[in-house]
Structure formats: C-alpha cells, structure tokens
Amino acid sequence: MDLISTTSDLAAACDRLAQHKVITVDTEFLRETTYYPLLCVVQMASADEAVVVDALAPGIDLKPFFELMSNEAVLKVFHAARQDIEIVWHLSGTIPHPIFDTQVAAMVLGYGDSIAYDQLVDRVTGHRPDKTHRFTDWSRRPLSEEQLHYAVSDVTHLREVFAALDADLRKRDRSDWVSEEMEILTSPKTYDFHPERAWERLKTRVRKPRELAVLIEVAAWREQEAQSRDVPRARVLKDDAVGDIATHAPTSLEKLGTLRSLPKGFERSKWGADIIAAVQRGLARDPATLPKLEKPRNNSNGAATVELLKVLLRMTSERHGVASKVIATVDDLEQIAASDQAEVGALHGWRRELFGEAALKLKHGQLALAIDKGRVVRVDRG
C-alpha cells in the first residue's frame, strides 16, 4: 500500500471515496506538547479500498479531505469522533457531516460506557487489533510498514463494526437515538469554545461571587495564553493554581508569591503582572453579570432522592440494554432531584421516554422501587 503524500493523489483518492455512501475515517495526532492537536495521519476506507494520508507531507493541501468530510452524500463513520471532528474544525472551519460514531452506537446498544475501539472490534468481529502502535510518535518520518498496517486496520475493522451496529440499531428501532446524538456531536456550538467559558472545565468549587469573578478572568487569561503560544493549559498554569488564585484573589505580586500552589519565584515571571491584572478585572466585575452559582445540594432529602434515581437508572440501563452513562450522568440526577424543569438530556427526547418520565414519577411518589425475587422492580402507584 502506498502512502498518499501529494495533493493530487489525495484529491484522486477522495474522488473515489466520494462515490460510496459510507466510508470509515480515523486520524492519528499529537497534542501532549501543544494546545491544538497536530494532525499527523488520516486513514479512510470504503468497501473497495483503504488509504493512508501523510498529513505532514511537505506541500500537501488537505482541502480535498475537508471537502469529503463535508460531503452530505457520504456518511462518515468514526469511533469516538469528538477529537477527530475538533481537528477538522480547527484546521478548516468545517465540521464533518453526516457522521456515525460507533462508540455512541455501542453505548445505545448496551456495550458499556465509552467502550474502547479494540474492545468493540473484539466483541463485534472476533478480531483482536494490534495495540502496539497506539501510543507511537506519529509525527516522526518515515512511517514504518507496521505503522501503516496499524493505521489501515483501524478503518477496515471499523467497516465491519459499523455494519453490525447499524443492523442491530435498525432491528431494535434505535437508529433515531443515535441520529439525535450525532446532531449534538456535529453542532458548531460543541466546538466553538471561547476563553470566557474556560472556567466551566475546572473542577474547582467556588462559593462566593467574588471568587467566581476572579476564576472566570484568570481561566480566560490562561486559555488565551495557551492558545497564543500553542501549549497545553497546564504548561501556563495548573488547575489547582487557578483555583487557589480565585480563592485568595491576590492583588499584588507579593501576595501572589505567597500561594503554595505556584512555583517559587513565579510572581517574578512575565506572567505575574498578567495574573494580577486578571484578578483585578475579576474584582471589578458587577456581580449581577456573573453566572449563578449552584446552591449546594447536600440536604438529606436531596441526597436520598439522588440515590433512588441511581437505582432507577441502573435498573433502566440493564432492562433496556443501554449504557447508563448515555442515559444520564450523576450531575443530571442531581439536577432532576432539584428541579422538574432541569435542562438535562435525560428529560428530553428518547431519554425522557426511557428514563426521565419514570424519574419524575419516582421523585413525586407516583412510582416506587421494590425487590421481587432478588431483582429491583418498579411499582406504579397511580
């Protein structure tokens, strides 16, 4: 198999692939030392062929690949598509569509939460993919024959996996469930990430509006700095340090230097003054413009309701053969316990039909859970 390394060969391959209704796609990339992923290799397959593209080849223009990704007549099949889509979005400003994510389909069909590609291939086809090159350095050239074989096998096995899952979805009348998820996965809003929302990714718990204001500003500064230098966020400032700064809100370099989460002497670096400026912007913000802080949900009744909802979720998951994670998260359950109008996926679409309605009935005493012959069962109370 020849490695595609010129724009003309790529265009010809994409023209051939575009003649098929379904193709499989995968990418190999690096992002350990960068903010944006570095696309190294693209592999694609139709029913007739499989190709591997050297995305780092000198002078190659990936435009034919991006055009194929946005070709509405061709269904693109990925496994765990989010990072692949993010790469295409960053490089071309377009999002692959339509797509099919075998990881999501597997969750809908009861293969477990976020099943790995090699495990899914093994369970569906009986093949055991070679995992040797999973963590190889795909930016080094030349690529070895073993790397090329690994890349090709990723998309050829994916053809069999897609065919099996698609048939099972149709048989169980769940194709629309996956289609619903794909619309979310291919929405530009999913990838149009702004620095002012960077704080939402942090697990740091802030309790006061002042702390939240500083957190928003410092997280936004770190995001912009990481983007402009194309380095990982942690290379600029670690998460615990961002949280520490939000809590203490140092307004001078001297105070910044007292924080134990920062390296010794950090306040004297070129970033010290930038952080103090971000803190001061946060302290100057009007509290009325801030997002509302969630009220603690630690009352005993709320906690007990969440525990009951967890049991109902597990029971629903097992009964219908759907991974619990794709139905609802623990955060979803906490929000449902707090409000019947919670804006969570579990109260919309097929999830509401499968679980959400029963969750609300359980919350209001219209449904009970009991144990019958060693199994948890639901008891409707009218």
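1. A salt bridge is counted here when a side-chain nitrogen of Lys or Arg lies within 4 Å of a carboxyl oxygen of Asp or Glu. The side chains of Arg-285 and Glu-217 meet in such a salt bridge, at 3.3 Å from N to O. It should be kept in mind that the model is predicted.

2. Arg-285 is partly exposed, with a relative accessible area of 26%, whereas Glu-217 counts as buried at 14%. A network of salt bridges links Glu-217, Arg-281 and Arg-285.

3. By this rule the count comes to 18 salt bridges. Among them is the pair of Arg-141 and Asp-54, whose closest N and O atoms are 2.7 Å apart. Arg-141 lies in the loop between α5 and α6 and Asp-54 in strand β4, so the pair ties together parts that are 87 residues apart in sequence. Asp-54 is buried at 7% relative accessibility, while Arg-141 is partly exposed at 32%.

4. A further salt bridge joins Glu-49 and Arg-16, at 2.8 Å from N to O. Glu-49 is in the loop between β3 (38-45) and β4 (50-54), and Arg-16 is in helix α1 (residues 7-17), 33 residues apart. Both count as partly exposed, Glu-49 with 21% relative accessibility and Arg-16 with 41%.

5. The aromatic pairs number seven. In one of them, the ring centres of Trp-177 and Trp-350 are 4.4 Å apart and the planes stand at 5°, so the pair is stacked. Trp-177 belongs to helix α7 (residues 175-185) and Trp-350 to helix α17 (residues 349-363), 173 residues apart. Both residues are buried.

6. How are the rings of Trp-221 and Trp-271 arranged? Their centres are 6.5 Å apart and their planes at 75°, so this pair is edge-to-face. Trp-221 is buried at 7% relative accessibility, and Trp-271 is buried at 11%. Ring pairs link these two residues and Phe-266 into a cluster.

7. The second largest pocket has a volume of about 730 Å³. Of its 26 lining residues, the closest to the centre are Asp-26, Thr-27, Glu-28, Arg-134 and Tyr-150. Strand β2 contributes the largest share of the lining, six residues. By class, the lining holds eleven nonpolar, five polar and ten charged residues.

Technical notes:
Residues numbered from 1 in each chain as written. Predicted model: local features only at pLDDT ≥ 70, side-chain atom pairs only at ≥ 80, totals over all residues. Heavy atoms only, no water. 1 Å grid on protein atoms, 1.4 Å probe; cavity = no way out; pocket = protein on both sides within 12 Å on 5 of 7 lines; lining within 4 Å. Points joined across faces, edges and corners; volume = space filled by probe spheres on them. Helix = DSSP H or I, 4+ residues; strand = E, 2+ residues; numbered from the N terminus. Nonpolar A, V, L, I, M, F, W, Y, C, P; charged D, E, K, R; others polar. Phe/Tyr/Trp six-rings, centres within 6.5 Å; stacked < 30°, edge-to-face > 60°. Buried < 20%, exposed > 50% of the residue type's maximum accessible area, 1.4 Å probe, protein only.
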